[in-house]
Every structure is written in C-alpha cells, then in structure tokens.
Amino acid sequence: MPNTPRLTATLQALFAAFFFGLSAPLSKLLLGNINPLILAGLLYIGSGLGTLLFRSIQRIFLPTRQREARLARPDWKWLAGAVLLGGIAAPIVLLFGLRATPAATASLLLNFEGVATTLIAFLLFKESIGPRVGWAVGLILLASILLSWNPGAGWGFTLGALGIIAACVFWGFDNNFTRQISAKDPLQIVTIKGLVAGSFSLLLGLLTGSPLPQLPFILAGLLLGAISYGMSIVLFVYAMRGLGAARTSTLFGLAPFVGAGLSLILFWESISWFFLASIPFMAVGAWLLVGESHAHAHLHPALEHEHRHSHSDGHHDHLHTEPLANPKTSHSHLHTHLELEHSHTHSPDIHHRHSHPK
C-alpha cells in the first residue's frame with residue numbers, strides 16, 4: 001500500500017521545483033528591461049502579494065477551524081532567521097561574489113545550496129539521512145554540475161567564490177529554519193518572507209541607482225514572482241512538512257532541468273551533450289528518493305503542538321469537546337499526542353524527527 005502522505009509531499013516538492021524552474025528563462029525575457037536587483041525585489045514582492053491575496057480569499061470562504069495554524073511566538077525566531085539569512089544576507093553576499101567570480105565557476109558553485117541544506121539538516125538538526133538519500137543527493141548534485149558546465153567560459157577561484165559558497169550556506173540555514181515552522185500556515189510564512197525580502201532588494205536596487213522599469217514590466221515581474229516564487233515556496237514548505245529539509249531540497253534540485261528545458265523552447269538553444277549526460281543521473285537520483293522506504297520501531301514522546309491535521313493518519317486520535325461532523329476533514333487546533341511506540345514506514349516529517357542509533 002503506498003505511503004500517501006509521503007507521495008503527496010514528494011509531488012509537492014517536484015511541483016515546487018517545476019514552478020521555480022520556470023523563473024530563470026522567463027526572468028531572462030525581462031532582464032532586458034529590468035535591472036537584476038530590481039527584478040529580484042519584484043519577484044519576491046510578487047510572491048508575498050500573491051500569497052497575501054490568496055490567504056485573504058481563503059480566510060473569507062474557509063471556516064476558521066479548517067484553516068492552517070498561525071505562527072506562534074516561538075516560531076518567529078525561526079522565521080526571522082530565515083528572512084535575515086535567506087532573504088537579505090544571501091542575495092547581498094551573492095551579488096558581491098558574482099562580481100568577482102567567472103560565470104562558469106559561479107554556476108557550478110550555486111549547486112552547493114542543496115548540499116549545504118543536507119549537511120546542516122544532518123549535523124545540526126539531526127535529520128535522518130541514510131546511504132540511499134546520500135546517493136540521491138550526490139547524483140542530483142552531479143547532474144546539476146553537468147547541466148551548468150561551460151567548458152568554454154573563463155574559470156578561476158577567487159575571494160568572490162567564497163562569497164557564493166557563503167550565500168549557499170545562508171540559504172541552507174534558511175531552508176532548515178523554515179523546516180522548523182513548516183507545520184504552520186505556509187501562506188503566512190511566504191507572505192512575510194516575500195514582502196520583507198522583496199522590499200529590501202527593491203530598496204537596495206533603488207539606492208544603488210537602478211531605475212524602476214515601466215509599469216507593464218513591473219506587473220510582469222510581480223506576476224512571475226507570484227507564480228514561480230510564491231507557489232513554489234508554498235509547495236516547498238508543504239513538502240518539508242512531510243519530507244524534511246534534506247529530501248525536499250534534493251528534489252528541488254531538479255528545478256534547473258525545468259529551466260533548461262523551457263530555454264530550449266523559448267530561445268531555441270541547442271541541446272548539449274552535458275544536458276543529455278545529466279539526465280540519467282537526475283533520473284536515478286530522483287528514483288532513489290521517491291522509492292526510499294524507512295521503517296523501524298520508534299518512540300513518539302508526549303507532545304503538544306498546533307497544526308492542520310485529520311484523524312485518518314494514525315497519529316491523531318484525540319477527542320474534541322465538540323465532535324467533528326466528518327473526522328476526515330482537515331482542521332487545526334492545539335492538541336496533545338500521548339507517548340506512543342510503534343513501527344511503520346515514515347519520513348522525517350513533523351511527527352518523525354526522532355534520533356536514530358548510530
């Protein structure tokens with residue numbers, strides 16, 4: 001019998017990669033009329049405005065009990081860390097790094113984000129990563145390197161290259177910090193991240209002398225941000241809820257292949273041997289992740305938290321003061337898990353972040 005929550009989370013990660021993969025080639029169409037820093041601001045602001053609009057509509061039509069859990073006081077430190085490191089510090093460090101680094105070197109180094117996310121998840125947050133996941137990370141990283149390989153471009157490892165690596169590490173922390181609050185409303189998370197990070201990038205662009213583009217290009221940037229950033233990050237947060245940071249970021253590493261495929265259509269770019277060579281590694285890496293099966297006896301300690309859930313997943317059998325009309329309906333409220341020990345197939349989702357014996 002398939003693990004439906006895991007399959008759902010896997011599809012969410014893949015669709016997140018798909019929507020984000022659209023951003024590179026479509027942004028390329030806009031870069032002739034919009035400064036890169038201004039465009040980055042518009043994309044992030046678009047993601048924040050898009051999720052804010054959707055969340056406002058949702059709050060009108062969706063009953064209070066069925067909404068996602070709002071961020072609580074302990075969650076704000078994680079969100080603040082994600083915004084500061086991933087939304088503000090990383091882009092600034094990246095910009096300075098790109099100025100002093102050959103394009104070919106920069107393209108390869110940007111693949112380090114997935115590795116950084118996985119290492120931080122494993123070393124600092126004790127996320128379970130077995131050999132199968134390790135091979136998947138390595139293969140998809142290798143595929144990404146092949147895809148971004150440009151043997152004819154200039155090469156060189158400079159101080160700027162260290163800045164690009166630092167930006168990837170900041171994004172790795174961003175992903176892991178966001179994972180800590182993935183049980184809460186993804187729309188609220190993305191709204192705040194998008195508006196704060198986007199406003200900062202836009203202000204930085206204006207302060208450095210970049211002009212605002214004409215209104216049609218502003219609207220195009222905001223719309224692209226709402227789709228390729230907003231929808232992507234929301235799905236990314238949902239996927240981390242069910243898969244954890246390492247597996248989600250590894251599947252998200254397939255985004256460049258979506259961008260490369262769309263570029264072939266939009267710009268009539270030729271298919272390189274590196275692109276063809278990367279496909280088997282990408283496919284095997286994705287297969288290793290999707291086909292992973294992890295089961296053992298594990299202990300759930302007593303826990304009280306709040307998130308959206310249903311009573312059909314085997315982990316939520318608590319009672320309500322007012323009985324639900326349909327127990328399978330998803331709803332959110334503060335609830336308690338009693339201590340439980342059992343064995344079944346699982347991922348490092350929000351209920352399975354236990355340690356493993358070495």
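The following legends describe close-up views of a predicted model.

In this predicted model, local features require pLDDT of at least 70 and side-chain atom pairs count only at pLDDT 80 or more, whereas totals for chains, interfaces and linings use all residues. Residues are numbered from 1 along each chain as its sequence is written, and side-chain values use heavy atoms, with hydrogens and water left out.

**View A. Packing of helix 3 against helix 9.** Helix 3 (residues 36-61) and helix 9 (residues 186-207) have axes that come within 7 Å and cross at roughly 150 degrees. Helix 3 is therefore roughly antiparallel to helix 9. Angles under 35 degrees count as roughly parallel, over 145 as roughly antiparallel, 65 to 115 as roughly perpendicular and the rest as oblique. The axes are lines fitted to C-alpha atoms, for helices over the stretch in contact, and angles run from 0 to 180 degrees between N-to-C directions. Helices (H or I, at least four residues) are DSSP runs, numbered from the N terminus, as are strands (E, at least two). Helix 3 passes helix 9 in a left-handed crossing. A crossing is left-handed if the near helix is turned anticlockwise from the far one by less than a right angle, and right-handed if clockwise. The contact of helix 3 with helix 9 has 15 nonpolar, 12 polar and one charged residues. In this classification Ala, Val, Leu, Ile, Met, Phe, Trp, Tyr, Cys and Pro are nonpolar, Asp, Glu, Lys and Arg are charged, and the others, Gly among them, are polar.

View B. Helix 1 (residues 4-21) and helix 11 pack at an angle of about 40 degrees, with their axes 8 Å apart. This angle makes helix 1 oblique to helix 11, and their crossing is right-handed. In the second pair, the axes of helix 6 and helix 8 come within 8 Å and cross at roughly 50 degrees. Helix 6 is thus oblique to helix 8, and helix 6 passes helix 8 in a right-handed crossing.

View C. Rings of Phe, Tyr and Trp (its six-membered ring) pair if their centres lie within 6.5 Å; planes under 30 degrees apart count as stacked, over 60 as edge-to-face and the rest as tilted. Phenylalanine 236 and phenylalanine 252 form an edge-to-face pair, 5.1 Å centre to centre with 75 degrees between the planes. Phenylalanine 236 belongs to helix 10 (residues 215-243) and phenylalanine 252 to helix 11 (residues 245-252), 16 residues apart. Phenylalanine 236 counts as buried because its relative accessibility is 9%; phenylalanine 252, with a relative accessible area of 18%, is buried. Buried means under 20% relative accessible area, exposed over 50%, and partly exposed in between (1.4 Å probe, protein chains only). Ring pairs link Phe20, Tyr44, Tyr229, Phe236 and Phe252 into a cluster.

**View D. A charge over a ring, and a loop lysine.** Arginine 132 lies over the face of tryptophan 287, at 4.9 Å from the ring centre. A charge sits over a ring if NZ of Lys or CZ of Arg is within 6 Å of the ring centre and within 35 degrees of the ring normal. Lysine 126 is found in the loop between helix 6 (112-123) and helix 7 (131-148). The phi of lysine 126 is near 55 degrees, a positive value in a residue other than glycine. Lysine 126 counts as exposed because its relative accessibility is 54%.

**View E. Residues brought together from separate parts of the sequence.** Isoleucine 189, in helix 9, counts as buried at 0% relative accessibility. The C-alpha atoms of isoleucine 189 and leucine 71 are separated by 8.1 Å, although these residues are 118 residues apart along the chain. Arginine 179, in helix 8 (residues 159-180), counts as buried at 3% relative accessibility. Arginine 179 and tryptophan 78 are 101 residues apart in sequence and 8.9 Å apart in space, C-alpha to C-alpha. Leucine 223, in helix 10, is exposed, with a relative accessible area of 55%. From leucine 223 to leucine 43 the C-alpha to C-alpha distance is 7.8 Å, across 180 residues in sequence.
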